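Hello,

Here is the structure for your files. My notes follow below it.

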Amino acid sequence: MWILNVLYIGGWFAIAFAKVPWLLDLGRLSLGSVSGITGFLMPLYIAEITPKDLRGRISAIVPLMVCWGLSFIYLVGSFVNWRTLALIATIPGLLQLPLLYFVPESPRWLAKVGREKEVEDVLLCLRGEKVDISEEATEIKDYTESLRSVSKGSTLDVFQRTYARPLLIMAGLMALQSLGGIGAFAFYSGAIIQSAGISSLIGLITLAAVQTLLGLLGVMLLDKAGRRPLLLVSFAGLCFGSFLTGLSFFLKDFNWWDDGTPILALIGLLMYMGSSVLGAGIPWLLIAEVFPVNVKGSAGSICNLINNVFAWVISYYFNFLIQWSSAGVFFIFSAFCAANYILVAKFIPETKGKKLEEIQESVTHSLQ
């Protein structure tokens, strides 16, 4: 977190004070690296420090915060130039820098690297001085010790037969999520709104409001309804929202229902983006929950790489695809979302209300 925070601040300063193009590229590279790593690091850290009855709820706050941050930047960006906007973007990093002094290390990571004496101190810091953490500390230490007996601690351990199928399922989940167009919708939502003939300011304000409401709903329901039901609802919404957006452009291309197509496009966009906030953080949470600490870093990095590679492909080629067929590209996104729905329905287990060690032991046995 220290390293990423420094790269984050440095990246925005490089953009704000750039006098030559390569400095802009360097700033973007730095910020892209931070974004890519943080996307997995935050859910992993939250899953490892939170108790089982709060893990989903707190993890669901992450995409909600991202939604608010993006909405704020969209709003401020309408009134200031890009250099000023880059300087404003450094403020969260500068505020977080001193606060990192108070952020404890993950107790499960401490157990993994042999710093058992610090595990109980960190758990007391996280749970409260009056809470009995002896049972939780013992479970963490015993489970980590049992992993050492079957693992060499190598990066390649993730490719063992024990973890092969969970890795394939989670990697497929991340790939299909990116191929479902979540990056294209996020980066080009303003352009989609304008293409549909809607005022960009009205569309973006409405979008932020819908995302906030559904994000809060996800925070309240994730530990009650469970990961799997919310993920299914999310992917169904993504599928239908993308289909409606494609349908609106299809009707617009043929000049059918001219009065209704902008409304249909807005409904599709709101449904898609709202559904994405509802379930966007769940795949990352599942990765943090399913894999044990000895392979979690490797497995998460592989899934993160796959997610970002496909997200880059979709974001880069979206402009070309929408020129090829403005309706067809959204129908393709809808098909990928439908495929992800089937993957979740068939292979993803429920993990709510279980300790991480309990989840990992049951999943690695049941998915072999």
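Buried here means under 20% relative accessible area, with exposed over 50% and partly exposed in between (1.4 Å probe, protein chains only). Ser106, at 2% relative accessibility, therefore counts as buried.

This is a predicted model: local features need pLDDT of at least 70, side-chain atom pairs count only at pLDDT 80 or more, and totals for chains, interfaces and linings use all residues. Numbering starts from 1 along each chain as its sequence is written, and side-chain values use heavy atoms, without hydrogens and water.

Ser106 sits in the loop between helix H4 (82–99) and helix H5 (107–112). Helices are DSSP runs (H or I, at least four residues), numbered from the N terminus. The side chains of Ser106 and Glu48 are joined by a polar contact of 2.4 Å. Such a contact is a pair of N or O atoms within 3.5 Å; within protein, one must be able to donate a hydrogen and the other to accept it, and residues adjacent in sequence count only if both atoms are side-chain atoms. Not counting residues up to four places away in sequence, Ser106 touches Tyr45, Glu48 and Ile49. Contact means heavy atoms within 4.5 Å.

Glu48 also belongs to the H2 side of a helix pair: with Gly36, Ile37, Phe40 and Leu44, it meets Lys296, Gly297, Gly300, Ser301, Asn304 and Asn308 in H15.

Last, Leu222. It lies in helix H11 (residues 200–225). At 3% relative accessibility, Leu222 is buried too. Leaving aside neighbours within four places in sequence, its contacts include Gly56, Arg57, Ile282 and Leu285.

Best wishes

Methods. Helix = DSSP H or I, 4+ residues; strand = E, 2+ residues; numbered from the N terminus.
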